[in-house]
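Dear colleague,

Please find the structure below for your records. A summary of what was found in it comes after.

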Amino acid sequence: MNVPFGTVPGFLPGAASLVEQLDKRVLLVLRDGRHITGVVRSFDQFSNVVLEDAKERKFAFSVKKYADKHVGIYVVRGDSVIVLGEIEDDGGAGMTKVTVEELDDVLENEVDEEEEERLKVVWEFDQDL
């Protein structure tokens with residue numbers, strides 16, 4: 001591939017492909033299950049990413065709601081990123097944005113219902129031994 005000096009080729013391998021995401025809002029899904037949104041300000045050869053105006057996003061899929069907790073400037077280690085993609089500012093996907101407290105209440109109620117279901121005792125006297 002012969003690229004003239006000073007021009008950027010259409011495809012850059014590895015971390016260099018993050019150039020296209022600079023100054024854009026992205027969503028990162030991390031290995032520990034967290035979802036982080038923010039504006040990409042910098043990255044390096046190991047895909048470590050610096051996000052500005054970062055927010056941790058939590059979801060309650062059963063009721064189609066989400067909430068963002070502001071975390072400020074965030075540095076993400078490249079090997080902890082599973083997926084990185086550009087997003088719109090509106091949240092999208094037909095989900096309603098709520099406060100962190102409201103979402104915590106919804107998630108707590110879901111856990112309580114699951115726990116209650118799990119702890120239900122079912123007596124099966126008619127079963128042969």
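The notes that follow cover the overall fold and then the salt bridges.

This is a predicted model, in which local features need pLDDT of at least 70 and side-chain atom pairs count only at pLDDT 80 or more, while totals for chains, interfaces and linings use all residues. Residues are numbered from 1 along each chain as its sequence is written, and side-chain values use heavy atoms, with hydrogens and water left out.

Overall fold

The protein contains six strands and one helix, where strands (E, at least two residues) and helices (H or I, at least four residues) are DSSP runs numbered from the N terminus. Along the sequence, these elements come in the order β-β-β-β-β-β-α. Of the 129 residues, 23% are buried; buried means under 20% relative accessible area, exposed over 50%, and partly exposed in between (1.4 Å probe, protein chains only). Among contacts with a separation of 6 or more, 52% join residues 24 or more positions apart, a contact being heavy atoms within 4.5 Å. The accessible surface is about 9,600 Å², and carbon and sulfur atoms supply 53% of that area (Shrake-Rupley method, 1.4 Å probe; for residues, only the protein chains shown count as cover).

Salt bridges

The whole structure holds eight salt bridges, each defined as a side-chain nitrogen of Lys or Arg within 4 Å of a carboxyl oxygen of Asp or Glu. Three of them are described here.

Arg41 is partly exposed, at 40% relative accessibility, whereas Asp23 is exposed, at 55%.

Another salt bridge joins the side chains of Asp53 and Arg25, at 2.9 Å from N to O. Asp53 belongs to strand β3 (residues 49–60) and Arg25 to strand β1, 28 residues apart, so the pair links distant parts of the chain. Asp53 counts as partly exposed at 30% relative accessibility, and Arg25 as buried at 15%.

A further salt bridge connects Asp68 and Arg57, whose closest N and O atoms are 2.8 Å apart. This pair links strand β4 (residues 65–76), which holds Asp68, to strand β3, which holds Arg57, across 11 residues. Both partners are buried: Asp68 has 16% relative accessibility and Arg57 has 10%.

Yours sincerely
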